[in-house]
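Biologist: I would like to go through the pocket and the aromatic contacts of this entry. Please show the sequence and the structure to begin.

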Amino acid sequence: MTRVRCITEMGMGVDVHGRDATKAAKRAVSDAIRHSSLGFFRMIGKTANDMFVDVTIGVPNPEGVDKEAVAKELPYGTVTVTAVKGGLEIPSATEVANDPILIANAAVIVSFDKE
C-alpha cells in the first residue's frame, strides 16, 4: 500500500535551564499538535488509530532525545520518532556559567495507507 500524507504540523519547544533535549522535544511536539483537531477520519473510512505519525525532532544533541518519551506525546496512531541534528543552543549569559537554552524543532506528519 501507498501512504498518503494528510497533515504536516510544525512546532518549537524550549528547555530554558538544563539542556534537556527530551523536554524540549516533547514541548515542540505539543506545540505542533496543540491546535489540531483531525475530524476527517470518517470521511475517508479511517479511525485515529489508522494513522501513521512520523515525528522528526531537530536538536543540537539528537542522541539526548528519549524517543519513546516523545512518542507518548501523541495519543493515537503508529508513531515513529527520529532525532536529527538541528535546533539551536543559545549560550549562557556571561554572568551565568553553563546554563544555555536549548531549542528543539518538531515536524509532525500524519499519513494514512491508501487503499
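Modeller: A pocket is an open set of grid points where a 1.4 Å probe fits, with protein on both sides within 12 Å along at least five of seven lines. The model is predicted.

Biologist: What volume does the largest pocket have?

Modeller: A volume here is the space filled by probe spheres set on the grid points. For the largest pocket this comes to about 230 Å³.

Biologist: Which residues that line the largest pocket are the closest to its centre?

Modeller: Strand 1 (2-15) and strand 5 each supply at least two residues of the lining. By class, the lining has 12 nonpolar, 2 polar and 1 charged residues. Of the 15 lining residues, the closest to the centre are Ile-33, Ser-36, Leu-38, Met-51 and Pro-75.

Biologist: How do the rings of Phe-40 and Phe-112 pair?

Modeller: Ring centres must lie within 6.5 Å, and planes over 60 degrees apart count as edge-to-face. The centres of Phe-40 and Phe-112 are 5.9 Å apart and the planes are at 80°, so this pair is edge-to-face.

Biologist: How many residues apart in sequence are the parts that this pair ties together?

Modeller: Phe-40 lies in the loop between helix 1 (21-33) and strand 2 (52-59). Phe-112 lies in strand 5 (residues 101-114), so the parts tied together are 72 residues apart.

Biologist: Are Phe-41 and Phe-112 buried or exposed?

Modeller: Their ring centres are 5.5 Å apart with planes at 65°, so the pair is edge-to-face. Buried means under 20% relative accessible area. Phe-41 and Phe-112 are both buried.

Conventions
Residues are numbered from 1 along each chain as its sequence is written. This is a predicted model: local features need pLDDT of at least 70, side-chain atom pairs count only at pLDDT 80 or more; totals for chains, interfaces and linings use all residues. Side-chain values use heavy atoms; hydrogens and water are left out. Rings of Phe, Tyr and Trp (its six-membered ring) pair if their centres lie within 6.5 Å; planes under 30 degrees apart count as stacked, over 60 as edge-to-face and the rest as tilted. Helices (H or I, at least four residues) and strands (E, at least two) are DSSP runs, numbered from the N terminus. Buried means under 20% relative accessible area, exposed over 50%, partly exposed in between (1.4 Å probe, protein chains only). On a 1 Å grid over the protein atoms alone, a cavity is a set of points where a 1.4 Å probe fits but cannot get out, and a pocket is an open set with protein on both sides within 12 Å along at least five of seven lines; lining residues have an atom within 4 Å of a point. Ala, Val, Leu, Ile, Met, Phe, Trp, Tyr, Cys and Pro count as nonpolar, Asp, Glu, Lys and Arg as charged, and the others, Gly among them, as polar.
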